[in-house]
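Reader: Hello! I would like a close look at one part of this structure, taken slowly. Could you walk me through it?

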Amino acid sequence: MAGASKAVMDSRANLPFVYRQYSPEQLREVLHKMYLIRRFEEGAEECYMRGLIHGTMHLSIGQEASAMGICMPLAEDDQITSTHRGHGHCIAKGAEVSRMFAEFFGKTTGYCKGRGGSMHIADVAKGNLGANGIVAGGIPIAVGAALSAKRMKTGKVVVSFFGDGANNEGAFHEALNMAAIWKLPVIFVCENNGYGMSTSTARSTAVKNIAERAAAYSMPGVIVNGNIFSEVAEASFKAVERARAGEGPTLIESKTYRHRGHSKSDRNRYRTKEEIEDWMANRDPIALFETELRDFGFIDDQGIQAIRDAVAKEIADGIEFAKASPAPDIAALADYVYTEHA
Amino acid sequence: MDAVVRELSYAQAIQEAMAIAMDMDERVFLMGEDIGVYGGAFQVTGDLVERYGSDRVIDTPISELGGAGVAVGAAVTGMRPIFEFQFSDFATLGMEQIVNQAAKMRFMLGGEVSVPLVMRFPAGSGTGAAAQHSQSLEAWLGHVPGLKVIQPATPHDAKGMLLAAVADPDPVMIFEHKLLYKMKGHVPEGHYTVPIGKAEIRREGRDLTIVATSIMVQKALDAAAVLEGEGIDIEVIDLRTIRPLDRQAVIDSVKKTSRLLCVYEAVKTLGIGAEVSALVAESEAFDYLDAPIVRLGGAETPIPYNPDLEKATVPQVPDIITAARDLVKGVR
Ligand SMILES: Cc1ncc(C[n+]2csc(CCOP(=O)(O)OP(=O)(O)O)c2C)c(N)n1
Ligand SMILES: [Mg+2]
């Protein structure tokens with residue numbers, strides 16, 4: 001934490017967690033990144049509509065506070081595993097949007113050199129071990145990364161992001177159990193946006209809150225409002241402290257909502273327009289955070305505009321970078337299947 | 001009546017078959033992820049939930065292993081489940097129940113039970129969905145005694161083979177290439193079946209036999225049409241079933257043409273092409289061969305995201321044309 005003066009600290013004493021814990025610069029940077037996630041996904045969506053990006057994509061618009069809050073207390077070399085809805089996690093963990101766009105455009109400058117696309121976006125250098133095309137696929141992998149951290153005494157903690165739908169896969173249950181019996185430095189983050197594709201949690205899941213699953217594996221289960229940055233960051237902060245202290249895993253359920261359809265082929269038949277509009281109008285995580293920042297005097301309208309302008313430029317530059325980057329050579333088709341030997 | 005030939009898409013043909021199966025037999029029901037109000041990831045179940053209700057069109061949680069096992073259990077005890085994997089790639093999560101349980105239960109219990117189970121697997125590349133949503137894993141299941149594995153290549157067969165699968169007392173695995181779902185073709189009304197285990201000659205020819213599966217059947221036909229202009233006369237066999245294989249159809253054709261090219265999308269090695277080649281090599285057709293057997297299959301890589309790389313990973317019409325021409329002309 002950047003050392004705020006005692007006077008400033010006292011004036012913040014009654015504010016929510018993040019406003020006491022982090023400096024104004026750090027918090028403005030969080031707003032910047034939330035916008036970056038939002039505009040990145042809007043940009044990717046537009047490129048898809050215009051036929052510049054193929055395949056499909058899963059947008060996390062509406063879930064930005066969750067990605068940012070969880071990653072807030074992480075150090076650069078801490079690690080995450082992510083999901084098919086992983087653009088926000090990737091940016092929150094420090095990825096550059098230019099190389100993400102390049103990946104979506106299938107270019108060699110992309111994070112996966114054009115081999116992975118949206119569903120496999122990663123940034124290994126920044127600790128993001130990858131999005132995943134398999135629901136719950138990343139959860140045991142995170143436990144393995146935490147096992148490495150413990151055995152190799154690196155001090156790293158590992159976060160596994162997954163959706164509410166993933167909590168009904170066997171991999172989720174097996175992974176939580178192992179993390180608990182071996183007291184591994186891993187944090188399970190269920191981003192509960194109410195639906196796994198078209199299936200609501202009420203129809204798919206026997207418990208009301210996914211955090212209740214934690215009891216079966218003897219770890220703390222914490223529920224947070226995933227659209228309030230400070231709440232998410234506070235829960236993550238505590239879980240990270242616990243993990244670093246060798247006390248084992250935590251399950252955080254971050255309740256949130258995706259504004260867009262599941263993927264590019266969703267007709268939203270399983271939820272109402274009113275429900276979607278209500279979340280967009282009344283619980284938009286960026287609007288909520290921006291309002292708090294302004295109300296608490298951490299930013300003014302000019303500052304907000306400056307962030308929006310900077311983000312718009314980063315997005316435009318990123319798309320240009322992606323367009324101008326080279327496509328992979330067909331002759332390189334078999335690259336990366338196995339490790340190259342010198 | 002017959003003046004107008006009724007056309008349906010491959011997806012519609014499957015949907016119609018499932019509706020007919022449910023109309024004919026109370027025991028038939030559908031299970032899978034997002035097959036209800038969403039209509040299935042590829043809109044194959046469509047509005048069936050509105051017509052048959054959520055007791056017969058059941059959305060499961062995202063639980064492939066459990067879901068597959070529930071289907072096995074229901075099949076063994078008198079029901080007739082049709083289970084949809086959202087993508088064939090997720091067969092990897094259901095593998096335990098498919099391979100260890102469904103395939104072997106009748107055998108292990110000395111014939112005391114049967115497992116009348118149908119599983120559907122949307123398969124293949126070409127949609128930009130990258131390495132975990134584009135695989136062709138049919139040969140994996142084709143390796144397991146106790147299972148039947150089919151790959152209908154036309155809307156007509158998609159319907160008829162699904163109805164044959166529902167009537168079959170044993171577990172039938174259906175691999176449906178995702179790019180075929182929009183393909184249109186003649187589909188007769190009402191109930192009919194297309195037998196499991198029988199290949200179909202799609203085009204007769206004298207110079208070369210192409211044995212193809214699934215989407216490669218149409219590609220082989222397209223290649224054959226081009227080569228006809230060069231005076232090369234190709235026979236195209238649609239294998240349709242990979243377990244049990246229609247050996248005789250392949251043997252008879254190769255005896256006639258003396259040349260064999262196998263075309264399939266799955267990774268080339270240790271796949272269906274190896275099996276078809278070996279069955280010819282082991283048969284009397286071997287003596288009729290005028291040239292080495294050639295296989296055209298998928299590259300030895302996962303399916304890449306980049307669209308040009310993705311196309312280069314699986315055989316395309318020009319690849320088939322070149323391979324067929326070289327084979328007939330003796331170019332090696
Ligand atoms: C093993 C597996 N089953 C099914 C799918 C298809 N699928 C992709 S995302 C998804 C829904 C996931 O829901 P959830 O975990 O809640 O994440 P969300 O999409 O809501 O972020 C489904 C069914 C898959 N990719 N992997
Ligand atoms: Mg969800």
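This is a predicted model: local features need pLDDT of at least 70, side-chain atom pairs count only at pLDDT 80 or more; totals for chains, interfaces and linings use all residues.

How do the residues of the lining of the second largest pocket divide into nonpolar, polar and charged?

Author: The lining of the second largest pocket divides into 13 nonpolar, eight polar and two charged residues. Altogether 23 residues line this pocket, and the space inside comes to about 470 Å³. To find the pocket on your screen, go to chain B and pick out B:Gln135, B:Ser136, B:Leu137, B:Val267 and B:Thr301, the lining residues that lie nearest its centre.

Next, the elements around the pocket. In chain B, α6 (138-142) and β13 (260-267) each supply at least two residues of the lining. The largest share comes from β13(B), with three residues. As for where the pocket sits, domain 1 (7-186) and domain 2 (200-329) of chain B both give residues to the lining, so the pocket lies between these two domains.

In soluble globular proteins, nonpolar side chains tend to be buried together. The largest nonpolar core here has 68 residues, and A:Leu27, A:Leu31, A:Phe101, A:Phe229 and A:Phe289 touch the most other members. Helix α3 (residues 24-49) of chain A gives the most to this core, 10 residues. Apart from this core lies another, of 63 residues, including B:Ile14, B:Met18, B:Met183 and B:Leu327.

Notes
Residues are numbered from 1 along each chain as its sequence is written. Chains are lettered from A and ligands numbered from 1 in the order in which they are written. Side-chain values use heavy atoms; hydrogens and water are left out. On a 1 Å grid over the protein atoms alone, a cavity is a set of points where a 1.4 Å probe fits but cannot get out, and a pocket is an open set with protein on both sides within 12 Å along at least five of seven lines; lining residues have an atom within 4 Å of a point. Grid points are joined across faces, edges and corners, and a volume is the space filled by probe spheres set on the points. Helices (H or I, at least four residues) and strands (E, at least two) are DSSP runs, numbered from the N terminus. Ala, Val, Leu, Ile, Met, Phe, Trp, Tyr, Cys and Pro count as nonpolar, Asp, Glu, Lys and Arg as charged, and the others, Gly among them, as polar. Domain bounds come from an automatic or database domain assignment. A nonpolar core is a set of buried Ala, Val, Leu, Ile, Met, Phe, Trp, Tyr and Cys residues joined through side-chain atoms within 4.5 Å. Buried means under 20% relative accessible area, exposed over 50%, partly exposed in between (1.4 Å probe, protein chains only).
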